[in-house]
Amino acid sequence: MTSVLIYTETGLDVGLGHVTRMLHLANALQKAGAEVGSWPHRPTAATGWLHRRGVPMGPSVADIGVIDVMNWDNRMVDAFKAGARKLVVVIGAGQSSKARAVGADLMVYQTGWQPYGAASDLVPSHLAGPDYLILGPEYTRPSGVPRNRDALVVFGAAVPWSYSVGVVAHLSSAGLTGTLVVPPYHAHEFGHTKLPPGFDMICDPRSLRELQSSHRVQVGSLGMSTYEAVAAGSIPVVVGRSSDHVATGQRLERLGMAHCPGHVDDVTPATLAMTAARILSNYAFVRSRQPIMDGLGAQRVAKAILELA
């Protein structure tokens with residue numbers, strides 16, 4: 001049995017995108033027969049998050065190590081690599097040179113493709129394109145949940161809680177219904193926030209898929225949940241938290257997969273809510289657009305990883 005170690009992160013400055021992506025990949029690797037665990041030498045908040053979702057603490061060494069982080073630390077990467085015969089790096093824009101420097105055996109682009117058009121950043125040993133977006137097999141089949149609510153509101157860690165609550169207030173004023181997701185790093189707000197009519201609140205759900213399947217649009221900041229929403233059939237209406245995020249969101253808009261009115265600092269809660277309301281007013285037309293991903297990305301990436309063993 002091939003053993004795989006995962007190192008990833010989550011937190012106020014990172015959000016849940018990296019750890020969610022690694023959960024999809026861990027599930028696919030486990031279903032392919034691999035023994036998967038979190039790196040034990042540097043436990044993080046992500047370690048506990050994964051453990052609660054079926055990914056145990058791993059051994060000290062493994063056949064393959066998979067790393068997906070935003071805060072790149074060369075000493076940490078070297079220590080992680082020392083415990084694995086082969087190294088896989090899930091990379092974002094501009095990280096290819098770092099992955100090459102540590103001698104990665106395989107690179108996978110975080111969003112499934114290199115979204116910024118920097119051909120020089122592509123390397124032969126990479127997995128890119130929407131076929132390699134790391135989504136679990138649950139996204140290949142209907143959830144069976146009726147799509148009877150308007151807006152799922154999901155923002156990342158870097159967006160102030162007051163912004164999320166403001167968006168909900170404007171959505172409710174427009175007569176829309178929905179659910180506000182409280183991420184773990186804002187859990188202290190759960191008992192102190194009163195929502196307007198038509199909206200519920202849920203704290204740190206185990207999975208977003210059923211919520212995404214029951215809501216027509218997902219309103220929030222661009223991240224891994226944006227791609228999950230597309231695969232689940234919910235239309236993302238997102239703001240970016242950086243110029244890279246805005247560029248990616250606008251590319252998704254050109255592909256007919258999402259709507260991105262701009263950077264969170266330049267888009268008020270009212271404007272974002274109005275964008276979602278406009279989309280919902282013409283929902284049948286917008287929904288007729290076909291997504292360009294099939295939900296089998298995690299399975300394909302897992303296969304490529306196990307072929308390294």
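This is a predicted model: local features need pLDDT of at least 70, side-chain atom pairs count only at pLDDT 80 or more; totals for chains, interfaces and linings use all residues.
Let's start with the strands. Six of them form an open sheet with parallel pairing, in the order E2-E1-E3-E4-E5-E6. Its edges are strand E2 (35-38) and strand E6 (126-127), each of which pairs on one side only.

Nonpolar side chains tend to be buried together in soluble globular proteins. In this model, the largest nonpolar core has 29 residues, and Val 4, Leu 25, Leu 29, Val 36, Val 66 and Ile 305 have the most contacts inside it. At least two core residues come from each of strands E1 (3-8), E3 (62-68), E4 (84-91) and E5 (106-109), and likewise from each of helices H1 (17-31), H2 (45-51) and H11 (297-306). H1 gives the largest share, with 7 residues.

Beyond residues up to four places away in sequence, Val 36 touches Val 4, Ile 6, Ala 26, Leu 29, Gln 30, Val 55 and Pro 56.

## A buried serine

Ser 172 lies in helix H5 (residues 161-173). Ser 172 counts as buried because its relative accessibility is 14%, and the cut-off for buried is under 20%. Apart from neighbours within four places in sequence, Ser 172 is in contact with Pro 196, Pro 197 and Phe 199.

Notes
Residues are numbered from 1 along each chain as its sequence is written. Side-chain values use heavy atoms; hydrogens and water are left out. A nonpolar core is a set of buried Ala, Val, Leu, Ile, Met, Phe, Trp, Tyr and Cys residues joined through side-chain atoms within 4.5 Å. Buried means under 20% relative accessible area, exposed over 50%, partly exposed in between (1.4 Å probe, protein chains only). Helices (H or I, at least four residues) and strands (E, at least two) are DSSP runs, numbered from the N terminus. Contact means heavy atoms within 4.5 Å. Two strands pair if DSSP finds at least two bridges between them.
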